[in-house]
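Please set the sequence and the coordinates side by side before reading on. The report below is meant to be followed with both in view.

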2 protein chains.
Amino acid sequence: MIFLQDNVLLKRNLTHDDIKPRLLGPGHGAPAILASLWLEGSLEKFYPDYSRNAEGLRNLISTFSTTAGLPSHINAETPGAIHEGGELGYALAVSFGAVMDNPDLIVACVVGDGEAESGPTATSWHAIKYIDPAESGAVLPILHLNGFKISERTIFGCMDDRELISLFTGYGYQVRIVQDLNDIDTDLHRSMTWAVDEIHKIQQAARSGKPILKPRWPLLILRTPKGWTGPKKLHGKFIEGSFHSHQVPLPKAKKDKEELQALHEWLSSYGPNELFKENGDIIDEIKSIIPSEDSKKLGQRVEAYKAYAPPNLPDWRHFAIDKGSQESAMRVTGKLIDEVFQLNPHRVRLFSPDELESNKLSAALDRTGRNFQWDQFSNARGGRVIEVLSEHMCQGFLQGYTLTGRTGIFPSYESFLGIIHTMMVQYAKFIKMALETMWHRDVASINYIETSTWTRQEHNGFSHQNPSFIGAVLKLKPSAARVYLPPDANTFLTTLHHCLKSKNYINLMVGSKQPTPVYLTPEEAESHCRAGASIWRFCSTDNGLDPDVVLVGIGVEVMFEVITAAAILRKRCPELRVRVINVTDLMILENEGAHPHALTTEAFDNLFTYDKPIHFNYHGYATELQGLLSGRPRLDRVTINGYMEEGSTTTPFDMMLVNKTSRFHVAQAALRGAARRNESVRIRQQELYTELNHNIAETKKYIIENRKGKFACA
Amino acid sequence: MIFLQDNVLLKRNLTHDDIKPRLLGPGHGAPAILASLWLEGSLEKFYPDYSRNAEGLRNLISTFSTTAGLPSHINAETPGAIHEGGELGYALAVSFGAVMDNPDLIVACVVGDGEAESGPTATSWHAIKYIDPAESGAVLPILHLNGFKISERTIFGCMDDRELISLFTGYGYQVRIVQDLNDIDTDLHRSMTWAVDEIHKIQQAARSGKPILKPRWPLLILRTPKGWTGPKKLHGKFIEGSFHSHQVPLPKAKKDKEELQALHEWLSSYGPNELFKENGDIIDEIKSIIPSEDSKKLGQRVEAYKAYAPPNLPDWRHFAIDKGSQESAMRVTGKLIDEVFQLNPHRVRLFSPDELESNKLSAALDRTGRNFQWDQFSNARGGRVIEVLSEHMCQGFLQGYTLTGRTGIFPSYESFLGIIHTMMVQYAKFIKMALETMWHRDVASINYIETSTWTRQEHNGFSHQNPSFIGAVLKLKPSAARVYLPPDANTFLTTLHHCLKSKNYINLMVGSKQPTPVYLTPEEAESHCRAGASIWRFCSTDNGLDPDVVLVGIGVEVMFEVITAAAILRKRCPELRVRVINVTDLMILENEGAHPHALTTEAFDNLFTYDKPIHFNYHGYATELQGLLSGRPRLDRVTINGYMEEGSTTTPFDMMLVNKTSRFHVAQAALRGAARRNESVRIRQQELYTELNHNIAETKKYIIENRKGKFACA
């Protein structure tokens, strides 16, 4: 596949013309999988050009790793794939997510030397401890060591058998090393059979009500030389067993006679004449081991591409809170999730880094448990919740669970969700590409809940203040990205309900765990969220009619400041007509046509006025809004305050002050905007502006005085 | 510290008034460290209010975890700190970075149950394999298990001794478990003494020229009950030994009599009368164990705050390339780094995820090696390069190395640097806060080189195409963030030279590893980079005088497209006067005053013209430029194309086409901009515009035809 553009069955001696002009791969190892998929007919099913005959094989090989063919690593175009390995570290966690609640599924997960060095992999070996063998299937990890990365020895490749057995026994496995190079097929076959037997023993015990305490799941370690069965030496240098066999072992085969000859010998050594019939069909002995049922073929497992069923959802209004009261959005969200668990016993899970209690979502545990199997005292069985202090594992589980047709929720402290930023982006790329193929069908969206946000992490300090995950989602293709900042408990409930129904998106919901005012009835909340943004008449002048200035809040605490600023202005500068808007769906701001949710220019102007000053008080970084709004007309009337990377261990209100999102700052922004156009405001403004400055200064002074011990000096 | 605002030495019975109004911490465990720092006088040295007497102790305790005092976890304000633990997982890697090239330093690194579950920690245990005991110091890891996270049992807490010993023996350690609850002090003391002896044995062997093969470094596992020595039970529930002792074990002590009484008994059990003299001074027995030399005190280790010395740098012009030739910027950068290693034998290191060879930086290895100790065949000793396939370890090493006064470089594939996005942000927060204190002095900048960018990852496909780390740096405080996209080899050299000299920044340099044209002489390169942006006269009409339209390239390949577009326009639409600009320092675009590098409005207008159309062809996401430019006047004349999350396995030029950054798209943008203002262009434009559309369509057609096999259908 790497080399040939013609003569793929070696019917004649190779010539330089048979070699592709650019030799790429297989650092990422796709050829073995693609060959299997071609053999079993799964490629042909979805890509008719890759038919199971001589012509299809020629098409497959000659186009491999060119613009016309499949790439050098397994990606979303590959039938049966639920994970793209471009960014290393996540294969194990994704595999474990896939087998959860799939009791009959065994996923064999091959981890190479390189991936094994990554942190996410290093912790994911522990994932067996979150698998209940009564309800879930099993992962058979196969650590495949060839000793080298691109150009350096590897950690695991340099560990001896005793070290490896000790390490993985410590992780909780029973280990078997596969390394009989004289007959690796038999060794691997026997080892796989042993492993599957061990898996079945563990499962049968659990399913017959007599679970094994700390069951020792099997793990295989396969040791083979790098570039094994390839050319041994080239130009006097070792190729097999060295990093020189990484990617393309004979890079000059197109021009160099010695390399071409070595290639011919290498490929001939596989005996194509014995594997293929004269007409290019494969021999019957091979055919006989291909499963006859499509659903048992590697590339046609139903779980991998068409297992999605929407979750059963309760009416969220049962959990709604009376308008005018105070409520933690997370507390009611926990209750909604609890009910969703009840309605979907084996199709919805929650993954979280040990913050459920802290995030006030503990009602989610009212009728289920945490599925941690290694605690011999708790005897945890079942349980819809996994709390492990590895965001990488949470995200990997979520991906595997979602891509096999189920629905997951990932709540997190706001500042730590960025840990899996690139995983989320890779997942979004996978989904984008999967949906462009003919083989992949819908999956659930992945659903993030961010809480414990910077606005109320004043006590945990600067390291806990980071809303940058919003920006990461905003950079995705508009077809995938959804970001919501519901301003209260009822709007959060309807948003989560909506997200759990949705498909193929990356949903990010940002909300507060603290009790905050409930502004809207359930009906109002639903219609507000459906619109994505609306005028909040109750805190606007004259219901927001004919305003001098528009104040917009996006986010819980910053919206509260907007409402308070409007109240200050109503009292102290009544001639200033203020329209207050809340935006709950960030995507409505994008230019008309740039996102499915984007407001038309007309709707935008109706909401925000045609030309009046607009001040946004935003939960995230101002640059995100600037990016979203870019291209909208008349932007010189827009000002934005948002999180500006200022914080410490301080008071909640100081967080507003130092990031200039406080009520005083909002009121000043309104005055500044309006005064440019309105003489009567301009006159009043001086006085009030000065007073607001005074308020800011006094509050800061109070905080600084209380801090006198801190930055004293040496 | 958690509870008391008065009566801190328990001179009388506690009353509710002695209790703070808001009880916070110590989930993050700062009190133990702060108490030690107070005891040894390191707090007093930098914060005179925390003097080592009764008043200072009262100040420390009563303000702890309030806005007036130190926070509930160790952060950059803490004397001696080189790591803030808010985001978990990095303590080990940072510790190992700190001891590299510090042969006499031993860092004791305590890892708790929670941190131990994180991926970065799970792989960082392997870091001993990158420590050469001849040249570096040692880390003594102490895994402290109390069995619980916030509200759930932990993986490591539920492992029995055999599992733990097996696991860490497999990692390569010799393990000692410390768990004698009857006399933990003696047990820990003996264990520490043993560990330090073992460390010295390993070091002495290596330093006497007889290194031990695969030395077994010591590791301690300390097992104590959660909340040990705290209240045993409260309201009939177990506190000690359960998750209820997390953070605040007696949350209602301010109001509840039973809790207040329990608190009094608890605190009295430590016997303050026996530890303090009548005047509040500590007893001599305690004083006697405090080191007399300041530099041996925990909070005054020189390495932690004033060890920085600038690296010796060669004249980068020695490596410069002739203008007009083709060169890989990475190839020459490798040579410059090689020379920097020579000039700084123990003060500069490079950390990279096994991509040095692939990134064409291998000249960095010309006179040094990879410092991997576990390969018994290579006998690697010394070596300035660590290649480990864990970006988390690379970043942790870099942080520890830099914060102890040395200088590091972190090259990476562009798309995978985002893996450590949040670590970089946390580090930037640490530096920002450290420099606001009186105790911390300058450190080197941390230096990232991004190459193998999306523009030339056409062969590796969509998963390798992600420039989002630029945006992560842009969101930092302007005082810290520096982003450079040098357009050729010479500009890259001078940029790296500049970055290695700089202090306290996060430097991100983005460049190509492919041979690309060298546009500028060394002198021109230096003056271009000093300005951050300039008019490129050689590809502009009339040297860029009096243009109709301004074309701006930011990034290597997209700049090449701009230059080519200008050539097309010169030929096919000569009446259109084009000014071509390259921006190499992204920060010059920010609004005047918003960043130290930002151009004044006058300089901006001189460069980009007062009101002519400007088209940016940008390497990153358009929204990043929109954010930077926001606030600059007359933005409606600006259009931006950049990476728009489109890609696949394809050709380099197709990457330009699908992201609309190709020469054709740039030329069209120029025509669109100019035609709005210039009649003669408008007439010519129709024809050329159509032709460019034709070019785009034909090129795409060619690519699509070559792809016919791909998206055929089921």
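Predicted model: local features only at pLDDT ≥ 70, side-chain atom pairs only at ≥ 80, totals over all residues.

Residues are numbered from 1 along each chain as its sequence is written, chains are lettered from A and ligands numbered from 1 in the order in which they are written, and side-chain values use heavy atoms, with hydrogens and water left out.

## The chain

Chain A has 24 helices and 19 strands, where helices (H or I, at least four residues) and strands (E, at least two) are DSSP runs numbered from the N terminus. Along the principal axes, the C-alpha atoms of chain A fill a box of roughly 95 × 60 × 60 Å. Of the 714 residues in chain A, 65% are buried; buried means under 20% relative accessible area, exposed means over 50%, and partly exposed lies in between (1.4 Å probe, protein chains only). Taking contacts (heavy atoms within 4.5 Å) in chain A between residues at least 6 apart in sequence, 74% join residues at least 24 apart.

## How the two chains meet

Chain B can be laid on chain A by a turn of 180° and a shift of 0.0 Å along the axis, with an RMSD of 0.0 Å, and this is the relation of a two-fold axis. The superposition is by least squares on the C-alpha atoms of residues with pLDDT of at least 70 in both copies. The copies meet through the same surface, because 100% of the interface residues of chain B are also interface residues in chain A.

The contact takes 114 residues from chain B and 114 residues from chain A. The area buried between them is about 10,000 Å², and carbon and sulfur atoms give 55% of it; buried area is the accessible area (1.4 Å probe) that two parts lose on being put together, summed over both. In chain B, the residues that lose the most area to chain A are B:Thr67, B:Lys429 and B:Lys475, together 8% of what that side buries.

Between chain B and chain A there are 16 salt bridges, a salt bridge being a side-chain nitrogen of Lys or Arg within 4 Å of a carboxyl oxygen of Asp or Glu. Across the same interface, 51 residue pairs are in polar contact, both residues at pLDDT 80 or more. A polar contact is a pair of N or O atoms within 3.5 Å; within protein, one must be able to donate a hydrogen and the other to accept it, and residues adjacent in sequence count only if both atoms are side-chain atoms. The elements that give two or more residues to the side of chain B that touches chain A include helix H2 (42–46), helix H7 (161–171) and helix H15 (421–436) of chain B, and H15(B) gives the largest share, 8 residues.

## Salt bridges

Over all chains, the structure holds 80 salt bridges.

| Pair | N to O distance |
|---|---|
| A:Lys432 and B:Glu646 | 3.2 Å |
| A:Asp294 and A:Lys297 | 3.1 Å |
| B:Arg349 and B:Asp101 | 2.9 Å |
| B:Asp315 and B:Arg317 | 2.8 Å |

B:Arg349 lies in strand E8 (residues 348–352) and B:Asp101 in the loop between helix H4 (91–99) and strand E1 (106–112) of chain B, so the pair ties together parts that are 248 residues apart in sequence. Both B:Arg349 and B:Asp101 are buried. In chain A, A:Asp101, A:Glu135, A:Arg349 and A:Arg384 are linked in a network of salt bridges. A:Asp294 is partly exposed, with a relative accessible area of 37%, whereas A:Lys297 counts as buried at 10%.

## Two covered helices

In H4(B), 9 of its 9 residues are buried, and what covers them includes E1, H5, H6 and helix H14 (391–403) of chain B. H4(B) is followed by B:Asp101, whose phi is positive, near 60°.

Helix H3 (residues 54–63) of chain B is also mostly covered, with 7 of its 10 residues buried, and these pack against helix H1 (30–39) and H2 of chain B. Just after H3(B), B:Ser65 takes a positive phi of about 60°.
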